[in-house]
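Reader: I'm new to this one. Could you walk me through how to read it?

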Protein chains: 2
Amino acid sequence: MPASSAALPTKERILGAAEELFAQHGFEGASLRQLTAAAGVNLAAVNYHFGSKDRLIEEVFRRRLDQLNGRRMAALQKIAGDPATTIEDVLEAFIAPALELSHDASGSLFMRVLARAFAEHDDTLRKFLSENYGHVMRQFTAEFARLLPNLSKEELYWRVDLVTGALTHAMSGFGMIQRKSDVPEHQHREQTAEHLIGFAAAGLKSP
Amino acid sequence: MPASSAALPTKERILGAAEELFAQHGFEGASLRQLTAAAGVNLAAVNYHFGSKDRLIEEVFRRRLDQLNGRRMAALQKIAGDPATTIEDVLEAFIAPALELSHDASGSLFMRVLARAFAEHDDTLRKFLSENYGHVMRQFTAEFARLLPNLSKEELYWRVDLVTGALTHAMSGFGMIQRKSDVPEHQHREQTAEHLIGFAAAGLKSP
DNA sequence: CGAGGAATCAAACGATCGTTTGAGCATACG
DNA sequence: CGTATGCTCAAACGATCGTTTGATTCCTCG
């Protein structure tokens with residue numbers, strides 16, 4: 001049982017603090033001393049529980065992406081191959097789980113961590129993400145290919161790539177995604193989804 | 001005159017090496033020792049010529065963005081307010097200078113540095129970029145507003161934001177932008193511009 | 001030629017980094 | 001009760017960080 005205020009086990013308190021500090025200062029910019037101080041645990045606890053800082057970084061991704069991509073795949077399975085499925089449906093299956101994740105504060109921090117991971121061209125990290133979660137992108141791309149049969153493979157990859165960039169940028173909290181204080185949370189999420197889906201669908205379907 | 005192989009003055013050799021290493025390892029991840037070693041200059045040269053590492057970072061941005069945004073503004077001035085101007089024309093004015101910059105190897109590295117700057121939520125850096133180059137984004141947004149009179153201000157900001165994200169992502173070299181070896185450079189650049197402009201225009205004009 | 005400012009150099013500064021150590025504490029089981 | 005086992009802790013490890021110093025070299029100009 002932890003002695004400090006929060007009643008969470010040490011491992012999870014580290015993961016929470018890591019998510020926040022990685023989002024703010026990057027993976028190299030956030031030190032284990034800042035991190036353990038913010039979590040209220042001993043400096044050595046990171047190496048004891050995770051082995052190294054790199055493995056901690058991977059664990060931060062694993063915890064969130066398992067949940068995020070699980071929901072994405074579940075939503076996609078429901079509509080994949082269905083003749084009635086539209087581009088907008090597929091985009092909804094991709095975007096809605098991410099917006100749900102952004103619902104609580106710690107989840108939205110993770111989207112910024114993810115945006116950082118894209119910006120870092122670190123090969124180890126990219127390989128880890130590709131190996132563990134690449135199949136999700138491939139499944140969604142395959143479904144887009146089915147719904148956009150007139151697009152060449154190259155053209156399709158281009159558009160999916162651009163959609164990915166737009167969504168990552170938007171959801172990492174740079175611009176418009178901040179909720180105004182007079183709009184309730186669930187309504188803001190629906191509006192955000194509408195903007196993202198409308199924009200991405202138009203780009204994908206571009207003549 | 002420098003003693004080493006390249007016939008460039010020390011200051012520019014530092015800027016070149018900084019661009020490359022910042023793109024690869026980030027601003028905190030690239031050390032002055034790596035940097036000066038790569039540039040073939042003494043460690044103290046950075047602080048002598050630039051004052052500090054932070055000022056070096058700003059100088060890396062200033063050098064490229066002055067050129068990039070100068071060309072963007074010049075291209076925009078030619079078409080702004082013209083009744084015959086299309087969305088595609090404005091996007092071309094925004095995108096073409098960036099693709100020209102990506103033409104030489106060092107220029108394309110800079111687009112990755114720029115993508116990193118977006119991912120970092122460092123307030124100092126964001127303030128610097130906003131103060132020095134924010135007027136460019138405002139001018140382009142104003143022109144989009146003229147050409148899309150039916151969009152609410154909020155809707156317009158959303159779409160411009162998403163276009164920015166898509167372009168930054170694409171031009172920082174994550175995905176499709178790599179040129180295949182059997183395609184000549186100028187042709188690749190035209191094709192890339194077509195993909196980007198087509199996608200962005202469709203997103204902006206979305207019903 | 002000789003003075004003087006600009007530039008470069010090796011070396012060191014204190015601070016901070018990720019990681020390791022070994023003692024100390026707690027809880028569970030024979 | 002005694003002893004494992006899991007965990008926490010302060011302290012230290014060597015390495016590396018950005019920056020500063022003071023001497024030395026280079027080049028220009030009187």
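Reader: Which residues have the most contacts inside the largest nonpolar core?

Author: First, this is a predicted model, where local features need pLDDT of at least 70, side-chain atom pairs count only at pLDDT 80 or more, and totals for chains, interfaces and linings use all residues. Residues are numbered from 1 along each chain, chains are lettered from A in the order in which they are written, and side-chain values use heavy atoms, leaving out hydrogens and water. A nonpolar core is a set of buried Ala, Val, Leu, Ile, Met, Phe, Trp, Tyr and Cys residues joined through side-chain atoms within 4.5 Å; buried means under 20% relative accessible area (1.4 Å probe, protein chains only). Here the largest one has 128 residues, and A:Phe61 and B:Phe61 have the most contacts inside it.

Reader: What does A:Phe61 touch?

Author: Contact means heavy atoms within 4.5 Å. Leaving aside residues up to four places away in sequence, A:Phe61 touches, among others, A:Phe27, A:Phe110, A:Leu125 and A:Tyr133.

Reader: How many residues surround DNA strand C?

Author: A residue is near a strand if one of its heavy atoms lies within 4 Å of it. For DNA strand C there are 15, with A:Leu32, A:Arg33, A:Lys53, B:Thr10 and B:His49 the closest.

Reader: Which part of DNA strand C does the side chain of A:Arg33 reach?

Author: Look for polar contacts, pairs of N or O atoms within 3.5 Å. An N or O atom in the A:Arg33 side chain is 2.6 Å from a base oxygen of DNA strand C.

Technical notes: Polar contact = N/O pair within 3.5 Å; in protein donor to acceptor, adjacent residues only side chain to side chain. Buried < 20%, exposed > 50% of the residue type's maximum accessible area, 1.4 Å probe, protein only.
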